[in-house]
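Please examine the structure shown below and keep it in view while reading. The report that accompanies it is written for a reader who is new to protein structure.

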Amino acid sequence: MSKLHIISLSFDDGFERSNIKIAEIYEKFGLSACFNVLALGHGPGIDSHDAYHDFPKGDFELWNKLQARGHEIMPHGLTHHNLAQMPLEQAQYSITRCLEIFEQELEHFDSKEAVFNFAYNASTLEIEAWLPAVARAFRTGGDAINPLPYPGQVKLTTSGYGPENCEGHLEEHIAKLLARPSGWLIYNVHGLDDEGWGPIRAEYLEGLLSRLSNTEGVAILAVGKALSN
């Protein structure tokens, strides 16, 4: 059996300028990007939480357009709150309300097929135990190299680096993945160039996708698509 390595770059927060550019870069290689966005991340009066989130974010009009072009749109929360710091019932309400808005606003969205991506990659055992009742899987903090997708896989773990450019850290994780017989790297990235926590350069992303697309045994997949294969 040949080696198989899956690489999923999991882009958080929904920065409008970055996501439009990311989608264009992925499309050059016939690939689908994986965008994790906030149900209430856009519009007047939205709390940006910190300087790393203080950039214009897309709305569901954009998410529907990108989804129609083949990209994956997944929930990242109602707002960018740390659910691990909330009482369990409040966290459950926040997730449930987030999924309700996605059901209303994102075409063809089905919570039972969704991957919920925790803000700050912060969860608790109690929330994790409850989440499979409302979503297919969830992404939280941990080892970025996961086992290859298997039936019933629910907990996905990821890593990232910031606040400065994360390209070196990402390259280290790719090297670790490719040194193994197989595995699935889920790496948490955010915006391009100057947007977000731990950004990467647009030119780097294009070069990376070009290189990986020509690497034998490597598949570049959005997280939900990888689970469905």
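The structure is a predicted model. Residue numbers start from 1 along each chain.

**Aromatic pairs**

How many aromatic pairs does a search of the whole structure find? The search finds six. In one of them, the ring centres of Phe11 and Tyr26 lie 6.2 Å apart with the planes at 85 degrees, and because planes over 60 degrees apart count as edge-to-face, this pair is edge-to-face. Phe11 belongs to strand 1 (residues 4-12) and Tyr26 to helix 1 (residues 16-28), so that the pair links distant parts of the chain, 15 residues apart. Both of these residues are buried.

Phe11 also forms an aromatic pair with Phe35, and this pair is tilted. Phe35 is in strand 2 (residues 34-37), 24 residues apart from Phe11 in strand 1, and this pair too links distant parts of the chain. The table sets out the geometry of the two pairs.

| Aromatic pair | Centre to centre | Angle between planes | Arrangement |
|---|---|---|---|
| Phe11 and Tyr26 | 6.2 Å | 85 degrees | edge-to-face |
| Phe11 and Phe35 | 6.2 Å | 50 degrees | tilted |

Through these ring pairs, Phe11, Tyr26 and Phe35 are linked into a cluster. Is Phe35 buried or exposed? Its relative accessibility is 0%, and therefore Phe35 counts as buried. Phe11 has a relative accessible area of 0% and is likewise buried.

**Strand pairing around strand 5**

Strand 5 (residues 137-141) is mostly covered, with four of its five residues buried. Which strands does strand 5 pair with? One partner is strand 4 (residues 115-117), which runs parallel to strand 5 and is joined to it by three bridges. Within this pairing, Val115 has Ala137 of strand 5 as its bridge partner.

**The largest pocket**

The volume of the largest pocket is about 300 Å³. It is lined by 17 residues, of which Gln67, Glu72, Ile73, Met74 and Gly224 are the closest to its centre. Strand 3 (72-75) and helix 7 (223-228) are the elements that give two or more residues to this lining. Classed by type, the lining holds five nonpolar, seven polar and five charged residues.

**Backbone details**

Most residues other than glycine have a negative phi, and most peptide bonds are trans.

The peptide bond from Gly162 to Pro163 is cis, and its omega is near 10 degrees. Pro163 is found in the loop between strand 7 and helix 5 (167-178).

Asp13 is not a glycine, yet its phi is positive, near 90 degrees. The residue sits in the loop between strand 1 and helix 1. With a relative accessible area of 3%, Asp13 is buried.

Asn121, again not a glycine, has a positive phi of about 50 degrees. Its place is the loop between strand 4 and helix 4. Why does Asn121 count as buried? Its relative accessible area is 17%, and buried means under 20%, so Asn121 falls within that class.

Note on methods: Predicted model: local features only at pLDDT ≥ 70, side-chain atom pairs only at ≥ 80, totals over all residues. Heavy atoms only, no water. Phe/Tyr/Trp six-rings, centres within 6.5 Å; stacked < 30°, edge-to-face > 60°. Buried < 20%, exposed > 50% of the residue type's maximum accessible area, 1.4 Å probe, protein only. Pairing = 2+ DSSP bridges. 1 Å grid on protein atoms, 1.4 Å probe; cavity = no way out; pocket = protein on both sides within 12 Å on 5 of 7 lines; lining within 4 Å. Points joined across faces, edges and corners; volume = space filled by probe spheres on them. Nonpolar A, V, L, I, M, F, W, Y, C, P; charged D, E, K, R; others polar.
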